[in-house]
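Take a walk through this fold.

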Amino acid sequence: MVTASAVQDNFTLEEFITEPPDNMELVDGKLVEKNGMTLKTGKIQSRLSRYWGDYKDSSGQGGEVYVEATCRTNQQIRRPDVAYLTLELVAQFGNLATLPQCFPLIAEIVSPTDIAEDVFLKAQEYLESSCQEVWLVFPESHLVFVMTQNQILTFRSGDTASTQQILIGFSIEVDRLLA
């Protein structure tokens, strides 16, 4: 996840859905730029995308893994850092510019400029919008929070983080992910 700063007011939902601008989200009716990505957070984003992608292939679960793809929550248009879409949802929505719903599995990589409260509120927004599982990755603290509707699990250095409801069976050592 990266900090967002407002850059334009009154951008319509329809405009955003049909042609989402790069590196932007639509939050409270305002077009905001995501910023704050560092080399470290970018590396972790790329690594998690690759690990989820390799796992969905090797496990036979299929689907697709996306980086910075736009989706619609109940409140906003968001651009999760990493997201997984099941095989069934790829068949249904895979060619649209913006996913008309939330991804079932999302990860946000927290940058040094992010505010923790905002990160957790964004995760709540995803979960209230049909997302079944959110990973919040805190590189500097060596923490991974895995959130579902019913629980928040905390994994730290030395632990192995694992999916709970989507992409079943995936696990990764926190130290390997954040190395």
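Rings of Phe, Tyr and Trp count as a pair if their centres lie within 6.5 Å, the six-membered ring being used for Trp. Planes under 30 degrees apart make a stacked pair, planes over 60 degrees an edge-to-face pair, and the rest are tilted. With that rule, a search of the whole structure gives seven aromatic pairs.

Take W52 and W135. Their ring centres are 5.8 Å apart and their planes stand at 85 degrees, so the pair is edge-to-face. F170 sits in the loop between strand 12 (160-162) and strand 13 (171-173), while W135 lies in strand 9, so the pair ties together parts 35 residues apart in sequence. W135 counts as buried because its relative accessibility is 0%. F170 counts as buried too, because its value is 4%. Ring pairs join W52, Y55, W135 and F170 into a cluster.How far can the coordinates be trusted? The model is predicted, and the mean pLDDT of the protein chain is 89. A value of 70 or more is reached by 88% of its residues. Residues 2-9 stay under 50 in pLDDT. For this stretch the model has 30 contacts beyond four places in sequence. Where pLDDT is low, predicted coordinates should not be read in detail.

Leaving aside residues up to four places away in sequence, S171 touches T160, A161 and S162. The C-alpha atoms of S171 and Y55 are separated by 9.2 Å, although the two residues are 116 residues apart along the chain.

Six strands form an open sheet, in the order 4-7-8-9-10-11, with mixed pairing. Strand 4 (64-67) and strand 11 (152-156) are the edge strands, each pairing on one side only. From one strand to the next, the twist averages 15 degrees. Strand 7 (residues 82-85) and strand 8 run antiparallel and are joined by three bridges. Within strand 8, L105 is the bridge partner of Y84.

Two helices pack on this sheet. Helix 2 (residues 39-58) touches strand 4, strand 7, strand 8 and strand 9 (133-138). The direction of helix 2 makes about 160 degrees with that of strand 8. Helix 4 touches strand 8, strand 9 and strand 10 (143-147). The direction of helix 4 makes about 165 degrees with that of strand 9.

The charged pairs come last. Side chains of opposite charge can pair when their charged atoms come close. How many salt bridges are there? The count comes to four, with a side-chain nitrogen of Lys or Arg within 4 Å of a carboxyl oxygen of Asp or Glu as the rule.

One of them joins the side chains of R78 and E125, at 2.8 Å from N to O. R78 lies in strand 6 (residues 77-78) and E125 in helix 4 (residues 116-127), so this pair links distant parts of the chain, 47 residues apart. R78 is buried, because its relative accessible area is 10%. E125 is buried as well, because its value is 4%.

Another salt bridge pairs E108 with K122, whose closest N and O atoms are 3.6 Å apart. E108 is in strand 8 (residues 105-109) and K122 is in helix 4, so the pair ties together parts 14 residues apart in sequence. E108 has a relative accessible area of 1%, so E108 is buried. K122 has 3%, so K122 is buried too.

K56 and D57 also meet through their side chains in a salt bridge, at 2.7 Å from N to O. K56 is buried, because its relative accessible area is 8%.

How values were computed:
Residues are numbered from 1 along each chain as its sequence is written. This is a predicted model: local features need pLDDT of at least 70, side-chain atom pairs count only at pLDDT 80 or more; totals for chains, interfaces and linings use all residues. Side-chain values use heavy atoms; hydrogens and water are left out. pLDDT is the predictor's confidence in each residue, from 0 to 100. Contact means heavy atoms within 4.5 Å. Buried means under 20% relative accessible area, exposed over 50%, partly exposed in between (1.4 Å probe, protein chains only). Helices (H or I, at least four residues) and strands (E, at least two) are DSSP runs, numbered from the N terminus. Two strands pair if DSSP finds at least two bridges between them. Axes are lines fitted to C-alpha atoms, for helices over the stretch in contact, and angles run from 0 to 180 degrees between N-to-C directions.
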